[in-house]
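Open the model in your viewer and keep the sequence panel beside it. The stops below say what to select and what is there.

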Amino acid sequence: MVTPSVFATYPDADALADAAPGDLEALVHSTGFYVAKSRNLMGMARRLADNYDGVVPGGMEDLVSLPGVGRKTANVVRSVALGLPGLPVDTHVGRLARRLDLTQESDPVKVETDLNPMVPAAERGLFSLLLILHGRRVCPSRSPRCEDCVLNDYCPSSIV
Ligand code: SF4
């Protein structure tokens, strides 16, 4: 919700890199952790401007070299913004993958490593989004609604 005003105020990497910290903090204040986020946004923009001609790169190693960007965010950028293979693993994806016995890992990178060979490259982003939605709507951490779940015939964790 805050990105339209951020992009309107700072239309490119150079502008964002040179932002006055207090002004950027005010724009992203409602998202929480606004001081650290502002610092990372400015650092990310500086590195984009200095090393990538102001263009967001697509390579995983390039993306995770940007301040504030971890593997989950890099996979979101790859799959949603750039149309590249990327399987973001958040808490929902990890929990669903374990309940469905697709992995026994808890570390998100290891979960991603287990899931990637199971999902065609072009469908990894969608797969992640579907698990996130399923986790939010049907299979939350507490009280999964197995009686309403379309996977309850197959899921080894089903309680019905
Ligand atoms: S059957 Fe239950 S535990 Fe398995 S995915 Fe569905 S809601 Fe989650």
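## Starting at H8

Select helix H8 and helix H7 (91–99) together: the buried residues of H8 pack against H7. This is a predicted model, so treat each stop as a description of a prediction.

Now show side chains on H8, residues 108–115. Which residues of this helix are buried? They are Val111, Glu112 and Leu115. Look down the axis of H8: these residues lie on the same side of the helix, because they cover an arc of only 100 degrees around the axis.

## H7 against H9

To see the contact, select His92, Val93, Arg95 and Leu96 on H7, then Ser128, Leu131, Ile132, His134, Gly135 and Arg136 on H9.

## Zooming out

Show the whole protein chain as a cartoon. It has nine helices and zero strands. The C-alpha atoms fill a box of roughly 55 × 30 × 25 Å along the principal axes. Of the 160 residues, 24% are buried. Among contacts between residues at least 6 apart in sequence, 44% join residues at least 24 apart.

Colour residues 1–53 and 91–148 separately; the domain assignment gives these as domain 1 and domain 2. Their centres, taken over C-alpha atoms, are separated by 31 Å.

## The largest nonpolar core

Next, select Leu16, Leu41, Met42, Met44 and Ala45. The largest nonpolar core has 15 residues, and these five touch the most other members. Helix H2 (13–17), helix H3 (21–28), helix H4 (34–51) and helix H6 (71–81) each give two or more residues to this core. Which helix supplies the largest share? H4 does, with five residues.

Centre the view on Leu16. Setting aside residues up to four places away in sequence, Leu16 touches Tyr10, Leu41, Met42 and Ala45. Another core lies apart from this one; its nine residues include Leu87, Ala97, Val111 and Leu115. Val111 and Leu115 are also among the buried residues of H8.

## Val6 in H1

Go to helix H1, residues 3–9, and select Val6. Is Val6 buried, partly exposed or exposed? Val6 is partly exposed, because 15 other C-beta atoms lie within 10 Å, while a buried residue needs 20 or more. Beyond its neighbours within four places in sequence, Val6 is in contact with Leu27 and Val28. Draw a distance between the C-alpha atoms of Val6 and Leu16: these residues are 10 apart along the chain, and the separation is 8.6 Å.

Most residues other than glycine have a negative phi. The last two stops have positive values.

- Select Asp53, in the loop between H4 and helix H5 (60–64). Its phi is near 55 degrees. Asp53 is exposed, with 9 other C-beta atoms within 10 Å.
- Select Ser143, in the segment after H9. Its phi is near 60 degrees. Ser143 is exposed, with 7 other C-beta atoms within 10 Å.

Methods
Residues numbered from 1 in each chain as written. Predicted model: local features only at pLDDT ≥ 70, side-chain atom pairs only at ≥ 80, totals over all residues. Core = buried A, V, L, I, M, F, W, Y, C linked by C-beta atoms within 7 Å. Buried ≥ 20, exposed ≤ 12 C-beta atoms within 10 Å, placed from the backbone. Helix = DSSP H or I, 4+ residues; strand = E, 2+ residues; numbered from the N terminus. Contact = placed C-beta atoms within 7 Å. Domains from an automatic or database assignment. Arc of directions from axis to C-beta.
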